[in-house]
Amino acid sequence: MATAISHGLMDNAILSLLRIMIVCLIFDLYRNDVYTLVRVLILHCEICVYVNLLSVLVAPNGLYSRSVSGYAVSQEWFLGVDNYFVQWLFPALVVAWAYIALTRSKTRGYVLTAAVVVTEFIHGSATGIVGIVLFSLLMIIPKVKLAFTPIRSVVISVIVWLLIVVFRADSIFAPLVSTLGKDMTFTGRLNIWDNALRVITANPILGYGVLTNDAMVGYLGSSSSGVWVGATHCHDQILQVAFQGGLVALALLLVIIALIIKKSLEYWPKKVAQIAVYAVSAYLIMCTTEVFTFPVMFLIFPLSYYVLSDQTVKE
């Protein structure tokens, strides 16, 4: 509706909807057999992650390149540009640990985890490194579940988002930002966030829908130094959801997260509950500086809920 009202890209909006529906249909198909679902998912993830890692190793400078609007010439591998890697690698990481929890077969899960971490450190975004390392450490450290309970984990993630994006208490995170090789403007994101907050406030209910790149730049790209043509999205998943779908879409996302956290409380501190909670928490942290457009990234939500709902789950 928002796309139609804003005269946006209806074709892109419908295509995105269809892609998300396909993910939902896959989970619905296996809703009574979560074990088979996880086995299918890990095989798919292994193929994607291992082939991509091989492409990174044999072609450090990229398998191919293309001209990208606002970003000059790209370097791309099997899974595309390295900034896209996290959208495949993070779900694969969650699948790996779900496989470990449900099958008690640790080798495949640990090998896939290692491949994900190695790939992200060789060629990956700072956001991806933070999310993948955070999730991995939370899953590996035995006693962490005592301190990072479901409610605490999500609250901390939300606080981090608020401190950086809304209250701009970015000096707190200066050591981490500098370690990752970034500047305290988060590579120009502060200006985009200011523009996004301004336009979201102007149209808070339904948002603006799926727009052309030029239209997005018109909303988000202006700054004191001119217009940045690379500002084709909000560079923050939460802001992007609110921009495209308004408070309605944002409320739906929060409801999904709330349902997962509520379900995890029933099983805490079982491993499956930790997977769900820490996946959501790491996702929220990564949302601070990136926008996730690939439907595969969103499988962490139904996967977390379905695994928690599986009656065969036991410690």
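Which residues do ring pairs link into a cluster? In this predicted model, local features need pLDDT of at least 70 and side-chain atom pairs count only at pLDDT 80 or more, while totals for chains, interfaces and linings use all residues. Residues are numbered from 1 along each chain as its sequence is written, and side-chain values use heavy atoms, with hydrogens and water left out.

The cluster is made up of Y84, W88 and F294, joined by ring pairs, where rings of Phe, Tyr and Trp (its six-membered ring) pair if their centres lie within 6.5 Å, and planes under 30 degrees apart count as stacked, over 60 as edge-to-face and the rest as tilted. Across the whole structure, a search finds twelve aromatic pairs. In one of them, the ring centres of Y208 and Y219 are 4.8 Å apart and the planes stand at 50 degrees, so the pair is tilted. This pair links distant parts of the chain, eleven residues apart, with Y208 in the loop between α10 (189-202) and α11 (213-220) and Y219 in helix α11; helices here are DSSP runs (H or I, at least four residues), numbered from the N terminus. Y208, at 8% relative accessibility, counts as buried, whereas Y219, at 29%, counts as partly exposed (buried means under 20% relative accessible area, exposed over 50% and partly exposed in between, with a 1.4 Å probe and protein chains only). The rings of Y283 and F292, with centres 5.6 Å apart and planes at 40 degrees, likewise form a tilted pair, and both Y283 and F292 are buried.

In helix α2, the residues A13, V23 and F27 are buried. Seen down the axis of α2, the buried residues fall within an arc of 90 degrees, so they line one face of the helix, the arc being that of the directions from the helix axis to the C-beta atoms. The face of α2 turned away from this buried side carries the exposed residues D11, L25 and L29.

Both α2 (10-29) and α3 (34-58) supply at least two residues each to the lining of the second largest pocket, and α3 gives the most, with five residues. A pocket is an open set of points on a 1 Å grid over the protein atoms alone, where a 1.4 Å probe fits, with protein on both sides within 12 Å along at least five of seven lines, and lining residues have an atom within 4 Å of a point. The lining comprises 14 residues, of which I26, L41, H44, V296 and L299 lie nearest the centre of the pocket.
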